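Please keep the sequence and the structure in view while reading.

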Amino acid sequence: MHNKEKIVAAATALFEERGLEALSVRTVAQGAGLSTIGIYSHFKGKQGLLNALYIKSCELLLNEIEGVTGKTDSDKILEASERLLDFSVTHNAYYRLVFNPTAHECTPSEEAATAFNQITHKLSSLTLPIHKKFPTPEKGSASASHILALIHGFVSLNDTGIFAYNSSASESRSDGQKTSYSLPWKDRALQAIRLHVYAIAATQ
């Protein structure tokens with residue numbers, strides 16, 4: 001394994017085990033068995049390491065979107081959304097790095113920005129088909145942005161713990177009475193996304 005690969009492997013392991021807060025040139029160098037000078041020669045410090053992890057995060061997110069198997073256009077969007085919501089839980093550190101990089105002192109490089117654009121482009125390709133009347137790339141891009149905004153909004157609210165205190169909903173019964181039931185945050189998010197997607201489809 002070349003030194004650069006060792007560095008990326010050490011940074012990834014540290015990132016996954018202890019999060020961004022534990023990431024430093026010194027700790028990565030120790031994990032890779034190299035000097036800090038070796039880190040700077042390949043990545044120009046912590047910012048370079050963060051960009052490498054940012055790109056890796058984007059690749060993981062893109063894999064989630066590309067893995068959808070839904071039969072209808074709406075099903076594919078909802079499945080992609082659910083995959084991203086799940087990713088925010090199972091790979092929270094990766095998710096936070098991509099969707100809130102400045103909070104971790106990460107300034108995405110041009111290569112990193114390109115990696116993120118691949119995510120939005122793929123999501124746009126899923127949303128475009130629901131615009132059956134005069135579909136344009138702009139419409140697909142706008143819908144993808146709306147979906148991402150809904151996803152990140154619910155993820156951010158969940159991170160605050162708000163759903164732990166307000167997790168019930170109600171529905172009308174056939175006798176006109178209301179019945180309460182528990183609605184997990186992810187289901188709430190998917191419900192909002194579903195309404196948005198169906199609203200677009202209904203106007204076509």
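What pattern does the protein chain follow when read along the sequence?

1. The model is a predicted one. Its protein chain follows the pattern α-α-α-α-α-α-α-α-α-β-β-α along the sequence, with ten helices and two strands.

2. Of the 204 residues in the protein chain, 38% count as buried. The chain exposes about 11,300 Å², and carbon and sulfur atoms supply 53% of that area. Among contacts between residues at least 6 apart in sequence, 62% join residues at least 24 apart.

3. Helix α4 comprises residues 46-66, 21 residues in total. From its first C-alpha to its last it reaches 30 Å, close to the 30 Å expected at 1.5 Å a residue.

4. The buried residues of α4 are G48, L49, L50, N51, L53, Y54, I55, S57, C58, L61, L62 and I65.

5. How are α5 and α7 arranged relative to each other? Their axes come within 8 Å and cross at roughly 150°. An angle over 145 degrees counts as roughly antiparallel, and α5 and α7 are therefore roughly antiparallel to each other. On α5 the contact is made by D73, K76, I77 and A80, and on α7 by L123, L126 and T127. By class, this contact of α5 with α7 has four nonpolar, one polar and two charged residues.

Terms used. Residues numbered from 1 in each chain as written. Predicted model: local features only at pLDDT ≥ 70, side-chain atom pairs only at ≥ 80, totals over all residues. Heavy atoms only, no water. Helix = DSSP H or I, 4+ residues; strand = E, 2+ residues; numbered from the N terminus. Expected span 1.5 Å × (residues − 1). Buried < 20%, exposed > 50% of the residue type's maximum accessible area, 1.4 Å probe, protein only. Contact = heavy atoms within 4.5 Å. Areas by Shrake-Rupley, 256 points an atom, 1.4 Å probe, with all protein chains shown as cover. Axes fitted to C-alpha atoms, helices over the stretch in contact; angles between N-to-C directions. Parallel < 35°, antiparallel > 145°, perpendicular 65-115°, else oblique. Nonpolar A, V, L, I, M, F, W, Y, C, P; charged D, E, K, R; others polar.
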